[in-house]
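Here is a short briefing on one protein model.

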Amino acid sequence: MNPVDLLRAAGPLLWVLLALSVYVVYLAAVRAQVMRRLGQDASALIERARAVTAESGPAAALAEVDRAAHPSSAAQVLRAGLHRADRGVEAATSAMQSALLGEDARLYAGLGALGTAAQVAPLLGLLGTVIGMVRSFLVFSRTTAPTPEQLAQGISEALVNTAAGLVVAIIAYVARNALRARADRIATQAEQVREDLPGWLSPRLPQVMVRPRPPEVALSFDAAPHAPAHGAGT
């Protein structure tokens, strides 16, 4: 039996697994492109923004970030914080937190679907296995001495569906873990920006020179002892 005959003998459930495999590969490719765009290294831009903030203030740093138009998640969080920097550190921190939540939604989108596919694919393969075995046993009910060709159809359906389900599950599981690890690294850089920016915006306290206090002089107001009076007649 050639591979084409095996695919035909696998039954309609195999086409469901093939459609699921196409969806898994497409979703993984799309998410990989998104991760490549959001995960661009923004270290140079962050350092440049920090220097501009120290020299010219957050408004000039915001103009520098807008001019760079960096697509990374860290740059988006940095832009949100600098945009609200004129309203204080708390407002900038709140804006960065909101931007970070939005970036997390973009980073982890689709990973749940890949995880679901990794769990469902083996179950579909197992269902195909059960259907194939049922067909094999039905052969015995129809004839007392079934030929190998008659048994082969149900057995091949069971084995092909099992293998297809495992292959789809492995692809989905590996893609999900790889994309999640990449998303975690990108989110870590964005969170680092959220932690560092308030330190850039905090005003520097002037250094006050503490002069040594002069020694205290104790003043005594006790009456001075009187000199003994000399008698006039002595």
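The largest nonpolar core has 27 residues, and Leu20, Val24, Met35, Leu107 and Leu114 touch the most other members. Such a core is a set of buried Ala, Val, Leu, Ile, Met, Phe, Trp, Tyr and Cys residues joined through side-chain atoms within 4.5 Å. Helix 2 (13-38), helix 7 (111-142) and helix 8 (148-201) are the elements that give two or more residues to this core. The model is predicted: local features need pLDDT of at least 70, side-chain atom pairs count only at pLDDT 80 or more, and totals for chains, interfaces and linings use all residues. Residues are numbered from 1 along each chain as its sequence is written, and side-chain values use heavy atoms, with hydrogens and water left out.

**Cores and Leu107**
- A second, separate core holds 24 residues, including Ala61, Ala74, Met96 and Leu201.
- Leucine 107 is in contact (heavy atoms within 4.5 Å) with Arg31, Met35, Leu38, Ser73, Ala183, Ile186 and Ala187, leaving aside neighbours within four places in sequence.

**Helix 2 against helix 6**
- Helices are DSSP runs (H or I, at least four residues), numbered from the N terminus.
- Helix 2 packs on helix 6 (residues 89-107) at about 145 degrees, with the axes 10 Å apart.
- Axes are lines fitted to C-alpha atoms, for helices over the stretch in contact, and angles run from 0 to 180 degrees between N-to-C directions.
- Helix 2 contributes Arg31, Val34, Met35, Arg37 and Leu38; helix 6 contributes Glu103, Arg106 and Leu107.
- By class, this contact has four nonpolar, no polar and four charged residues.
- Ala, Val, Leu, Ile, Met, Phe, Trp, Tyr, Cys and Pro count as nonpolar, Asp, Glu, Lys and Arg as charged, and the others, Gly among them, as polar.

- Buried means under 20% relative accessible area, exposed over 50%, partly exposed in between (1.4 Å probe, protein chains only).
- Nine of the 11 residues of helix 5 (residues 73-83) are buried, so the rest of the structure largely encloses this helix.
- Alanine 69 lies in the loop between helix 4 (58-68) and helix 5, and is exposed at 55% relative accessibility.
- Phi of alanine 69 is near 50 degrees, a positive value in a residue other than glycine.
- Histidine 70, in the loop between helix 4 and helix 5, is buried at 14%.

**Recorded segments**
- An unreviewed UniProt entry lists residues 12-30, 107-134 and 154-175 under "transmembrane region".
- UniProt positions follow the numbering used here, feature names are shortened, and annotations may be inferred rather than shown by experiment.
- Residues 107-134 are 89% helix and 0% strand, with end C-alpha atoms 44 Å apart.
- Residues 154-175 are 100% helix and 0% strand, with end C-alpha atoms 32 Å apart.
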